[in-house]
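Subject: Structure for you to look at

Hello,

Please find the structure below. My notes on it follow.

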Amino acid sequence: MEIFFIITTLFITAIINLLSKRKVIIEVVSVISSLVSLILSVVVALKVASTGIYIPGSGRFFSIDALGGIIVLVLGLVGFATTIYSVEYLRQEVHKNVIGFTRMKQYFILLNIFFLAMFLAATSSNPIFAWISIEATTLSTAFLISFYDKPSAIEGAWKYLIINSIGLLLGFFGTLLFFTSIDLSSAGLVDWHSLAINATHLDPLLAKIAFVFVLIGYGTKVGLVPMHTWKPDAYSKAPAPIGALLSSALLPIAFVIILRYKAITDMVVGPLFSQRLLITFGILSIAVAALIMFNAKNYKRLLAYSSIENAGVMALGFGFGGLGFFAATLHLIYHSCVKVVLFLSSGNLLLKYNSAKIFNVKGTLKVIPITSVLFITGFLIVTGVPPFGMFMTKLYILSAGMKDYPFVSLIALFFLSLVFVSFLKHVTAMFFGEKPEGIKKGDNNIWLLIPQISMVVIIIILSFYLPPFLKTLINEVVLQY
Amino acid sequence: MNLLTLQFLSEIILLSVIFLLIMKKNFSAVSFYSLQSLVVVIILLNSFFETKELLMLLVIFIMFIVKVIIAPLFFIRLIKKYALSFSASTYLSTPITLIIITILVFIAHSQRLLPLTSIVANHQILLSLALSSMFLSLFLIVNRKGALSQIIGILSFENSIVVFAVFANLEQSASLQLGIIFDIFIWIMIASIFISMLYKHFGTLNVSSMKKLKD
């Protein structure tokens, strides 16, 4: 029932936001809705951990396995953090006359529809419905990316719309090909489970073709190279909380869909085919992102490339399998949390300096010390510096690859080191030195800091202690996939 | 409908994509998209007569309204509003475009893609034609510089996938198809709004002249 309740709450919130003429109502309702979603997400994750697979209602529409449970939990968490941040962030933008009430209202309507679509995609028992929901995320976010109505934002959003639509249609074609294993005239609504148990009827060559289409299609949404071209533009032009959500929520959801098809493909042709594809896309993503990050001129684009790099790390982990799979799942959780810290802190930098160019942002440690410390902590976490959890996940992934793919692991290690150097170079340039004239000292409002602080605390806790239910979920994922 | 009629309809779809690739006027492009969608509706109608699922009839009717009537009307309104009589040019010249069309159609009919085109053995030619339309639609999206042409390319790609699904017996249940057509409808509306926004900010729909992201 929890999932029905989350979806109903988000839908009603979007409607209330649409009808409301008062700013405070929109803000309060949105925050309450995201809080309810968070609480229920935790309940869902706990239920999945205790039952293995949670099927609410008749099971016709929703079924949540361990991976789905993790994603629902992540979605609830980052959804709540970004909504809290969005309220104050948009207040500041309204105060600075960057946007008006209508834009703010539009933002919260689309934000809740975006959440709704993501929850549906993560929990739907039907692959086609999951596709429809992923497509709905594209539609709901297009206007959020073009939010500031500037030529560059419109161009970024257009690129996002076109590239993702093509990608998703390719993914749709791949999805349809997986249905060749089932007699659709008598099957009714086909769910993930039916696809899996009928996988043996799938022609192996067709299964390979189908998986390639699915990987390219949903890989576009993940932002794997070479389908990544929309990502830096969309992330850098969207408001900071939307960048955070694209990176920390939408990316893992698209990955989950790929993994579900991977499991089916593996049943037909064995794991080697999908593993090699994931490893190829993974290493390519890490290498390209690392090389571009070194010369990045815009800190939001830097974060976008960091997402591409981390998507590559996850693809490597899922490709290597075994310990790598476990580490990649954990990496996915850490990455979602840390990207909230980094993107929201980048929003604070933008509010203070009115520029996303690294060159224009200097001496931030003196100007906004708390935000700076949060950003630096985020940088240390995301680049895999010990003792944070991402150090261990990257280490596990690379060591999992050393057995069968030592050359790939070494190349990945080299580029991950390059990512650290690149990040360090930019962080040093931004956070030290003399502040530009005209920039007043003083950190942002506390509500623009609390979400990041909370996320850092969560990451630190999870780096040293995994709650039993989360450990169960991750172990279950490794077993199921 | 017999196989020959279905083949004829598939050829109309393929020809419509070829015309979309080489024609210069936006109005003609919209007309050919509308014709293509009408043929898709007819193919679906044929499928309905085999299954007799009533909800499917509703889906086909909505598809007819959305793809054959509403979408073209949206696009024609945009063409008139912004005086977009002529489509932005292509990246490749017409002779090279024609050569690539030939190659793509050849690939779609090649033995290499037999696993795809032999999903239903006696529909091999139909599936090859649908696959050709898919390839050409993708080529249309990347070869055209006009934003409107790109939108039509994506919709044509979607039409081709629908036709492929019908011929491969991969049609989804009517309720899911309703969801898909709803998505397409919203997509068309959003894409149309973006066309207006692009024109407002850039004064053109030529995507090659958009260079505001070079930071």
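I start with a helix pair in chain A. Helix H14 (residues 323-353) and helix H16 (residues 369-382) of chain A pack with their axes 9 Å apart, at an angle of about 145°. Helices here are DSSP runs of H or I with at least four residues, strands are runs of E with at least two, and both are numbered from the N terminus. Axes are lines fitted to C-alpha atoms, for helices over the stretch in contact, and angles run from 0 to 180 degrees between N-to-C directions. H14(A) and H16(A) make a left-handed crossing (the near helix is turned anticlockwise from the far one by less than a right angle; clockwise would be right-handed). On H14(A), the residues Val338(A), Val341(A), Leu342(A), Ser345(A), Asn348(A) and Leu349(A) meet Thr371(A), Leu374(A), Phe375(A), Gly378(A), Ile381(A) and Val382(A) of H16(A). Contact means C-beta atoms, placed from the backbone, within 7 Å. This contact has 8 nonpolar, 4 polar and no charged residues (nonpolar: Ala, Val, Leu, Ile, Met, Phe, Trp, Tyr, Cys and Pro; charged: Asp, Glu, Lys and Arg; polar: the others, Gly among them).

The model is predicted: local features need pLDDT of at least 70 and side-chain atom pairs pLDDT 80 or more, while totals for chains, interfaces and linings use all residues. Residues are numbered from 1 along each chain as its sequence is written, and chains are lettered from A and ligands numbered from 1 in the order in which they are written.

Chain A as a whole has 20 helices and 0 strands. Its radius of gyration is 21 Å, close to the 23 Å that the globule rule gives for 481 residues, so chain A is as compact as a globular protein of that length (taken over C-alpha atoms; the rule is 2.2 Å times the number of residues to the power 0.38). Of the 481 residues of chain A, 62% are buried, that is, with 20 or more other C-beta atoms within 10 Å of their own.

In chain B, the axes of helix H1 (residues 3-22) and helix H6 (residues 124-143) come within 9 Å and cross at roughly 15°. H1(B) and H6(B) are therefore roughly parallel (angles under 35 degrees). Their contact divides into 14 nonpolar, 6 polar and 1 charged residues.

Between the chains, the contact takes 36 residues from chain A and 32 from chain B. H8(B) gives the most to the chain B side, with 13 residues.

Regards

Definitions and conventions: Contact = placed C-beta atoms within 7 Å. Buried ≥ 20, exposed ≤ 12 C-beta atoms within 10 Å, placed from the backbone. Parallel < 35°, antiparallel > 145°, perpendicular 65-115°, else oblique.
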